[in-house]
Amino acid sequence: VLAENQKYHLHVLMDDDDDFKQFLQNHPSELFAQVIGHQDVNSVIKTAEQDGTAVCVVPYHLFSNRAGSLEKLLHINSRAVVLSREDISKAIDILYEFDQIRHLFNIGGCLCAHHLLLTLEKTVDRSRWGFHPYLASPKEQRCCEVTSYPDQGLLLHDITACAARASTLSDLPHLITTIASELLMNAVFNAPCDPVTQEPRYVDRPRNETIHLGPAEKITLQYGYDEKSFVIAVSDNFGRLTRKDVIKNLYRCVQGGDNQIRRETKGAGAGLFMVANLANQLDVHIDPGRMTQVVAVVHLSKKQINYELGHTSINFFKAG
Amino acid sequence: MNMESSFKVHQTKSGSDSLVRLSGHIDENADYTKISLTGIISITFDMEGISLINSSGLQRWISFIESIPENIKIYLSRCSTRVVNQVNLFPGFLGGKDIGIISFAAPYYCQNCDCAVNVIVETLTDFKNMDAITPPQRRCEKCHGKLDFDGLPKKYFLFLNRKKQPAA
């Protein structure tokens, strides 16, 4: 529940019969929402222009008939969280087409209120960035530093064990370990750059080669779980990742074809696509030149189907 | 190599047919050089023991599959759910070849026992009508009650729509 001083405006554009209205009614104390019909989109634009902190949640299906207005809305309010009812591939298409969208939730199945609320909070409150806010009531959480690439094997073993404690679903530990493996590999090989030339240091090294990271290059791995989610966060000290690079990479993979898995480079260029498909939520936090933190959230459930039906979401948070 | 690989290969031959059991992680350390392709016309990879496939592993796997001579027919059997998910996500997993997927694990749930279970299903016998792919019916080994398919059929069986059934 937001404190009084954390209140912000949330405008929800929706059709009258939208399921999201039900969601809002179930969480009245958490979301200070003003539900309005899409016919009032111009009044929301006016409000957002006047109030820099306004956050708008926009069902994507309204884009088709109100495209002009909603594009204008997104231009003046980069904090907009867009809701859609599509699969992850279509979500990537949407993010590729509309580069002003930073936050997209696919709510074809069920929506995790905590993670939507946290996303909304983070758009207006930088202090909510980081690993810890993801877990409402943590049952277990770990933080470790990765200083050399051989560390990765033991870390993955520990993550698998932790994930096995978090869920009775036998496939979940492997899924979570795969996500961690990809995030660590990306951070180790793609993030560190030469302080003078700004060129990446390890990107052309074979992925089975030992890498000893310098003191300024260490990677931070955090993971843990609560009743509802398993969360993995990998941070580097470089802040070189951009929304454009991420979406370009995901979009190439969505297209399929021979270039889906790169063969000419040392990295396959498919890791984030794998993570975006395996995780329910992929959040990228970027403080340019200082820090990148990539967070993957997996919903815990006894049944595979509940994990499959959980929301999928991709979000970008940029400092400054 | 930065660490001892968890990837294991166990190959047996019967005449011109070869069975290769793979287990562990298909990752950046997966090494296929121990697999002999000499004198065989078919090779079946038993994928049940594969516990992780990452993107570097995928890159190495595809290079290996592509390196297998065209005159050798390739089959995958007992594909774990991890393998099925990767085949669905990355059609290139099959190296652009007409690889027969003989059998694979599918996720089910027993309401009576309140537990998830992976069941091996046979492509040829369980999916006779490829125009209308539905999860095969299965019963729980413990309580003999009906198992529910525990996934999204359209998503999980996507690879079947892309492929022909393996030759009998």
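## Gln86(B)

Gln86(B) sits in helix H2 of chain B. The model is predicted. Is Gln86(B) buried or exposed? Gln86(B) counts as buried because its relative accessibility is 6%, and the cut-off for buried is under 20%.

Which residues does Gln86(B) touch, leaving aside neighbours within four places in sequence? One partner lies across the chain boundary, Met274(A).

## Extent of the interface

Chain A puts 36 residues into the contact, and chain B puts in 33 residues. Interface size is often expressed as the accessible area lost when the parts come together. Here, about 2,900 Å² is buried between chain B and chain A. Carbon and sulfur atoms give 54% of that area.

## Polar and charged pairing

Between chain B and chain A there are four salt bridges. One of the bridges found under that rule pairs Asp171(A) with Arg82(B). The closest N and O atoms of Asp171(A) and Arg82(B) are 2.8 Å apart.

## The chain B side

Which elements of chain B give two or more residues to the side that touches chain A? They are strand S3 (42-53), helix H1 (55-67), helix H2 (81-89) and strand S7 (115-122). H1(B) supplies the largest share, eight residues.

By class, this side of chain B has 14 polar, 12 nonpolar and seven charged residues.

Note on methods
Residues numbered from 1 in each chain as written. Chains lettered and ligands numbered in written order. Predicted model: local features only at pLDDT ≥ 70, side-chain atom pairs only at ≥ 80, totals over all residues. Heavy atoms only, no water. Contact = heavy atoms within 4.5 Å. Buried area = accessible area lost by both parts, 1.4 Å probe. Salt bridge = Lys/Arg side-chain N within 4 Å of Asp/Glu carboxyl O. Helix = DSSP H or I, 4+ residues; strand = E, 2+ residues; numbered from the N terminus. Nonpolar A, V, L, I, M, F, W, Y, C, P; charged D, E, K, R; others polar. Buried < 20%, exposed > 50% of the residue type's maximum accessible area, 1.4 Å probe, protein only.
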